[in-house]
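Thanks for making time this morning.

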Amino acid sequence: MFGKDWTRLQPIAELELLRRYRFSQQYLPLLFEHIRVDEGTYVADVGCGTGYLSRQMALAVGEEGHVFAIDRDSGLLQTGCSIATQSNLGRNISFVNSDVYNIALEDNSVDVAISVSLFIHLKNHNAAINEIMRILRPGGYLSIIEGTPFPATKGTVDLFENSGYTDDARLIELFRKIDEAWCEHAYPRVTKELNIAANCQGLLNTLPTIMKKAGLKNIEMNGHFSVLSLADARIGESAAKSYIQEYFSYLEELVDSEWLELKAIAQNISKVKNSDVYELKQLLSQKRDYLLENIQLLDENLAWDGTVFLISTGQK
C-alpha cells in the first residue's frame with residue numbers, strides 16, 4: 001500500500017495465504033453483516049493487498065454491485081487481478097492503483113469502505129479517514145479491521161514446533177537468527193523508505209476515538225477470533241497437506257526476502273551468512289516433506305494459532 005514494493009515487508013504468499021485462512025469461508029457471512037456488504041453494494045477495499053477479501057466481496061455483492069480493490073503496490077494488484085480473472089470475477093471487481101491519501105475514485109461513489117491491517121502502518125490516521133469518507137456516499141459505512149496475535153506472547157511465524165522433526169532445534173535457531181537480524185537492521189530502514197509507521201498495536205485502543213473525531217457516527221465495535229489448527233477435523237487431510245505446502249513455500253519466500261534486504265543493507269554487521277540461509281532453506285524443505293509424510297502427527301502435537309481482530313465500523 002505504501003510504495004512500489006510492499007513485499008519488502010510481506011511476501012505475496014503471506015498476504016494471500018494468511019488472509020484466506022484468517023477470514024475463512026465459514027466466517028465471511030458474519031463479517032459481511034458487520035461491515036454492511038450485501039447484494040448490490042458498491043465497496044472500496046482500501047489496502048487490498050492481493051485482493052482475497054475483494055474477491056470474496058465481489059461474489060457477495062453480485063452483478064448489481066461492484067468492488068474497487070485499491071492498493072498502491074502495483075505488483076500486488078497484478079497478482080490480485082490475475083487471480084480474479086482466473087476466478088471469472090472480472091465483471092464486478094476493479095483494481096485501482098492508488099494511495100490511501102489520494103484515492104482515484106469520485107466523491108460519494110461507494111456504499112461501504114473497508115481496510116484490513118492498514119491503519120496500524122499509517123502515520124496520519126485522520127487524513128486517511130477523511131479521504132475514505134470523501135468516496136463514501138452519505139450514510140455509507142467505513143470499517144477498520146486490525147488484528148493482533150493470540151496468545152499475545154505467541155510469535156508471528158509458526159514453525160510447527162513439537163511435531164517430532166529431529167532437526168527442529170537447528171531450524172528454529174537459524175530462522176530466529178535471520179529474522180532477528182532483519183528486525184534489528186533492515187526493518188527500521190525499510191519502514192522509513194516506504195514511509196510507514198512502525199507496527200503500532202496501541203492503535204486498537206484508540207480507534208473509536210479517532211473515528212469519532214474524524215466525523216463518523218454510530219460507531220460499532222465487533223470482534224473476530226480466528227483460530228487455525230490442522231487438528232480440526234473439518235479441515236481434512238487433503239486440505240491440511242495443501243496448507244503445509246503453501247505455508248512452507250511462504251516461509252522460504254520470507255527467508256529469501258529478508259536475506260535480500262540484509263545483503264543490501266547490513267550484511268557486514270548482521271552476522272548472517274550465505275551458508276545460514278542455504279542451510280535453513282534445506283531444513284525447511286526437509287521439514288515440509290516430513291510433515292507431509294507424517295500428517296497424522298499434527299493431530300497429536302499441534303495446538304492452534306490464533307488472531308484476534310477488532311472490527312470498528314462507523315457511518316458517514
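Which residues have the most contacts inside the largest nonpolar core? Before I answer, please note that this is a predicted model, in which local features need pLDDT of at least 70 and side-chain atom pairs count only at pLDDT 80 or more, while totals for chains, interfaces and linings use all residues. Residues are numbered from 1 along each chain as its sequence is written, and side-chain values use heavy atoms, with hydrogens and water left out.

A nonpolar core here is a set of buried Ala, Val, Leu, Ile, Met, Phe, Trp, Tyr and Cys residues joined through side-chain atoms within 4.5 Å, where buried means under 20% relative accessible area, exposed over 50%, and partly exposed in between, with a 1.4 Å probe and protein chains only. The largest such core has 38 residues, and those with the most contacts inside it are Phe160, Ile244, Tyr247, Phe248, Leu251 and Leu280. At least two residues of this core come from each of α1 (12–22), α6 (168–193), α8 (236–265) and α10 (274–293), helices being DSSP runs of H or I, at least four residues, numbered from the N terminus. The most is given by α8, with 11 residues. Apart from this core lies another, of 28 residues, including Phe119 and Met133.

Now to the cysteines. Cys183, by contrast, is partly exposed, at 39%.
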